[in-house]
Structures are given as C-alpha cells and as structure tokens.
Amino acid sequence: MDDKVTTALTIQLAKGLGSWRQMFKWLRSVPIADAVDRRNAAMLQLISFLLAALPTGAWCYRAFLVDIPWRSGEIANMVLSLSVSLVSATSFVLVRKGRFKAASYALLCVFVATVIPAYLISGFGAQRFEQPVLAIWMAIAALVVGRAALWAMFFSIAVAFALGIGVDIGKQGSAVELAGDAAFSAAMFLMISVVLDRTSAALRESLQEAKARGDALVVSNQRLSEEMAERERTFTQLIQAQKMEAVGRLASGIAHDFGNVLAVASGYVHIGLNSPDETKMQESLKGVDLAVKRATLLNRRLLSLVRQEKGAEEWFDPGEALRSMLPMIRQLMGATVKIEVIVNEGLPAVFFDRLQFDLMVLNVAANADHAMPDGGEFFLRAYMDDDALVLGLADSGEGMQDEVLAQAFDPFFTTKARGEGSGLGLSVVRDLVERAGGSVNAESRLGIGTTIFVRFPDHLLEQSRA
C-alpha cells in the first residue's frame with residue numbers, strides 16, 4: 001500500500017478514535033451524584049439511543065421501502081415497538097438531565113407493559129427473532145437497576161413466552177415444536193438471568209467496597225494532614241521554647257557582658273573627658289564606638305535568637321558561624337571551661353537556617369556545660385569527610401553509659417534532676433538536621449567525654465550548587 005494512503009488512513013483512524021472519545025466523554029458528563037449510577041449513565045444513554053433509533057429505522061424501512069403486504073398483527077407490533085422507541089428517547093433526555101433512576105424505571109416499565117401484549121398479539125413464533133433484544137433489557141435491569149428488577153424482567157419474559165405459545169396453539173391447533181423452543185428459550189434466559197444476577201451483584205459489591213475504601217482513604221488522608229499540620233505547629237512551638245530556654249541560660253552571662261561593655265565604655269569616656277590631648281580623645285571615642293558596636297551586636301544576636309519566625313535557609317560559612325558564636329558560648333559555659341574552635345581551610349558554604357544552626361550549637365554546648373560542672377574543655381571542629389561537612393562538638397565531661405547513649409536523642413529523655421532539663425535539646429538538634437537532609441550521631445565514653453557529630457551531605461554544600 002502506498003505510504004500516502006497509509007498515512008491518510010492513519011490520520012482518519014486517529015480522528016475517528018478522537019471523535020469516539022469525545023462522544024463517550026460527553027455521555028459521561030451528566031449531573032448524577034451517585035458514583036455507580038454515573039458509571040452506568042453512559043451505557044444507559046447508548047442503549048436508550050439504540051432502542052430509540054434502530055426500531056424506528058427498521059419500521060420506516062418496512063413501511064416505506066418494502067413492498068410486502070402487512071401481516072396480521074404486524075401494525076400492532078409496530079405501534080408497540082415505536083412506543084418503546086419513544087420512551088427510550090425520553091429516557092435518554094432524562095439521563096442527560098441527571099434523572100438516572102427515572103430514566104431506568106421508565107425503560108423497564110414500558111418493556112413490561114409491551115412485551116406481554118406483543119406476544120399475546122402475534123404469538124411466540126412471530127417474536128423469535130426479537131428475543132436477543134430481550135437480553136439487552138435484562139442486562140439493563142441487572143446492571144442499572146438491580147437484582148429485583150432483573151428477576152421481574154425474567155418472570156415477565158417467561159409469562160410472555162407462555163402466553164405466546166397459547167396464542168400459537170390457538171392459531172395452529174398444535175404447536176409442540178414451538179413449545180419446545182419456548183421451553184429452551186426460557187431455560188436460556190434463566191441461565192442469562194443467573195449469570196447477570198451474580199455478575200451485577202459482584203460488580204455492585206466491588207464498587208461499594210471500592211467506594212468504602214476510597215471514603216476511608218479520604219478520611220485517613222484528612223486525618224494524616226491534620227496530624228502533620230499539628231506536628232508542624234508543635235515542632236515550631238518546640239523550637240521557640242528551646243530558643244527561650246537558651247536565652248534563659250544566657251541571661252546571666254549577657255548581663256555580665258553588658259556590664260563589661262558599659263565599664264569599658266565608661267572608662268574610655270572618663271579618659272577622654274580628663275585628657276586635654278585631642279589624639280587621646282579621638283582614641284577614647286573610638287574605644288567607646290567599639291564597645292557600643294559590641295553591645296549592639298550582642299543585642300542583635302540575642303533578639304534574632306528569640307524572634308519567632310519560620311526557617312529561612314541561606315548559604316553561609318560554617319567556620320565563620322562557629323567563630324561568631326564564641327562570645328555566647330563563653331557566656332553560657334563560664335570561665336572554668338576552655339573553648340576552642342578548629343576550622344579546616346577551604347570549607348564550602350552550607351545551605352541551612354542560620355538561626356537554627358546557632359540554636360543547634362547552643363543546645364549541644366548547654367549539654368556539654370552540664371556534663372562539666374567542675375570545668376573542662378569544649379571543642380568545636382569543622383572539617384570535610386567523604387564529601388560531607390562534619391561538625392564535631394566535643395566535651396571532656398562525664399560521658400554516658402551505652403544505655404544512656406542509646407536514648408540520648410529521644411524526646412524528653414534526660415539524666416538531669418527534676419526541673420533542671422527538658423530532655424529536648426538533642427532531640428531538637430536531630431530534628432533540625434534531619435529535616436534539612438543531614439544526620440546526627442554521638443560517641444561517648446564514661447570519664448572521657450562526649451562528641452556530637454553533625455553531618456551536612458553534599459547536596460547542602462556550595463560545591464554542589466552547580
């Protein structure tokens with residue numbers, strides 16, 4: 001076949017399939033609330049259309065295009081058949097308006113009202129070629145309305161067969177062969193009824209189960225969303241509470257530091273006021289300016305820690321962040337603890353919430369301070385390990401036993417005395433890091449100390465931004 005012809009046929013086939021899809025989409029677009037009825041609406045519309053169009057076309061052909069004398073009872077059959085077509089057309093319109101049940105019952109009622117008179121008028125033999133249509137009606141009853149309608153249809157058909165055989169016997173005097181056909185047909189329709197009964201029952205049960213599962217899933221999803229939202233609110237409140245706890249720990253140190261700043265500023269002011277030398281006065285003013293800047297920086301850091309706001313990730317230098325926290329950590333731990341920051345060269349920037357980074361370090365430092373009541377050493381290290389940035393926060397405190405270490409990151413777990421700790425510090429650290437995609441673990445030995453390792457993987461580092 002020529003390629004152009006093949007292409008043209010393919011295009012026409014695609015257009016035809018598209019038209020069919022559009023038609024079925026239109027058939028499904030009906031304002032019906034029930035999910036099962038909405039699924040059956042397309043089929044009922046199609047059947048209603050065929051029952052309205054095909055018999056009408058067939059009788060028009062019989063009346064106007066075929067030059068055959070009308071047989072006895074044929075006109076009555078035509079009237080009944082066209083009545084069915086009219087009701088079918090009405091049913092189609094009802095479905096389009098969303099009145100699915102009314103359309104279904106209208107079709108079934110007109111069938112019952114016409115099938116028995118049809119057999120009474122023309123007998124069983126004259127109706128044998130229309131029997132396949134009866135199966136369509138039974139399918140409508142079973143799949144659209146329900147089992148009761150199906151068996152009502154079957155008994156109506158059985159009664160119509162019996163009455164039709166009676167009519168044939170009255171006309172022919174004997175209709176043994178037709179009676180056998182009627183019995184066989186009735187048995188066939190009984191089998192069809194049984195199959196449709198079980199099929200429709202199974203289908204409806206499956207649809208009901210699926211709907212029940214769907215409804216349960218919707219409820220579960222809604223509950224899960226609410227629980228997730230509540231967990232997010234609780235976590236936000238927990239972070240704020242930890243910030244306030246950290247500020248509380250820092251309060252005395254901050255007051256002392258402010259006192260030192262004021263004392264330095266006052267000393268420079270005193271020197272400047274009592275010195276006639278303009279150069280010394282300038283130096284004194286510079287000293288006051290530095291003291292004010294230090295106080296301002298300390299105040300800004302404190303306010304930023306207290307401020308309640310959502311996380312704002314940014315790129316920053318982890319080494320610079322650790323060094324800038326030294327004054328606050330010194331205030332937290334006091335003079336009996338030696339603090340040292342060790343930062344390797346060439347560390348990449350990290351993508352993390354800077355305030356939460358500070359809170360994380362302060363929480364670990366607070367735990368370390370409690371573990372060193374008589375003083376000790378606290379080391380803050382930053383280095384690279386297998387494409388990951390690692391913070392090692394180590395103290396020389398009491399250390400932890402294995403069973404305590406295993407629960408160190410559990411919420412509300414604490415070895416401190418009642419009222420001295422919430423047991424949330426390390427839990428918050430873990431949650432903050434894991435939410436960003438990192439990880440936290442701890443190593444500890446009794447009498448030697450504890451080290452908290454915080455790992456920021458490759459995707460949080462500046463070298464992976466490209």
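Asp387 is exposed, with a relative accessible area of 51%; here exposed means over 50% relative accessible area, buried means under 20%, and partly exposed lies in between (1.4 Å probe, protein chains only). The residue is placed in the loop between E4 and E5, where helices (H or I, at least four residues) and strands (E, at least two) are DSSP runs numbered from the N terminus. Phi of Asp387 is near 65 degrees, a positive value in a residue other than glycine. Asp386 lies in the loop between E4 and strand E5 (388-395) and has a positive phi of about 55 degrees, although Asp386 is not a glycine. At 69% relative accessibility, Asp386 counts as exposed.

The model is predicted: local features need pLDDT of at least 70, side-chain atom pairs count only at pLDDT 80 or more, and totals for chains, interfaces and linings use all residues. Residues are numbered from 1 along each chain as its sequence is written, and side-chain values use heavy atoms, with hydrogens and water left out.

Strands of a sheet pair through backbone hydrogen bonds, either parallel or antiparallel. In this structure, an open sheet of five strands has the order E2-E4-E5-E7-E6, with mixed pairing; two strands are taken to pair if DSSP finds at least two bridges between them. Strand E2 (337-343) and strand E6 (439-445) stand at the edges and have a single partner strand each, so one side of each is left without a neighbour in the sheet. On average, and with direction ignored, neighbouring strands of this sheet are turned by 15 degrees against each other. E6 and E7 pair in the antiparallel sense over seven bridges, and Val440 stands opposite Val454 in E7. Helix H11 lies across E2, E4, E5 and E7, running at about 30 degrees to E5. For such angles, axes are lines fitted to C-alpha atoms, for helices over the stretch in contact, and angles run from 0 to 180 degrees between N-to-C directions; contact means heavy atoms within 4.5 Å.

The structure holds four salt bridges, each defined as a side-chain nitrogen of Lys or Arg within 4 Å of a carboxyl oxygen of Asp or Glu. One of them joins the side chains of Arg455 and Asp385 (3.0 Å, N to O). This pair links distant parts of the chain, with Arg455 in strand E7 (residues 449-456) and Asp385 in strand E4 (residues 376-385), 70 residues apart. Arg455 counts as partly exposed at 25% relative accessibility, and Asp385 as partly exposed at 30%. Salt bridges that share partners join Glu320, Arg354 and Asp358 into one network.

Asp358 and Arg354 are separated by about one helical turn because they are four residues apart in helix H11 (residues 354-371). Asp358 is buried, at 4% relative accessibility, and Arg354 is buried, at 15%. A further salt bridge is formed by the side chains of Asp197 and Arg198 (3.5 Å, N to O). Asp197 counts as buried at 5% relative accessibility, whereas Arg198 is partly exposed at 47%.

On the surface, Leu46, Phe49, Leu50 and Leu54 form a nonpolar patch with about 370 Å² of accessible area together. Patches are made of residues with over 30% relative accessible area and no salt bridge, like charges being joined within 9 Å and nonpolar side chains (Val, Leu, Ile, Met, Phe, Trp, Tyr) within 5 Å. Accessible areas come from the Shrake-Rupley method with a 1.4 Å probe; for residues, only the protein chains shown count as cover. Leu54 is placed in helix H2 (residues 35-64) and counts as exposed at 56% relative accessibility.
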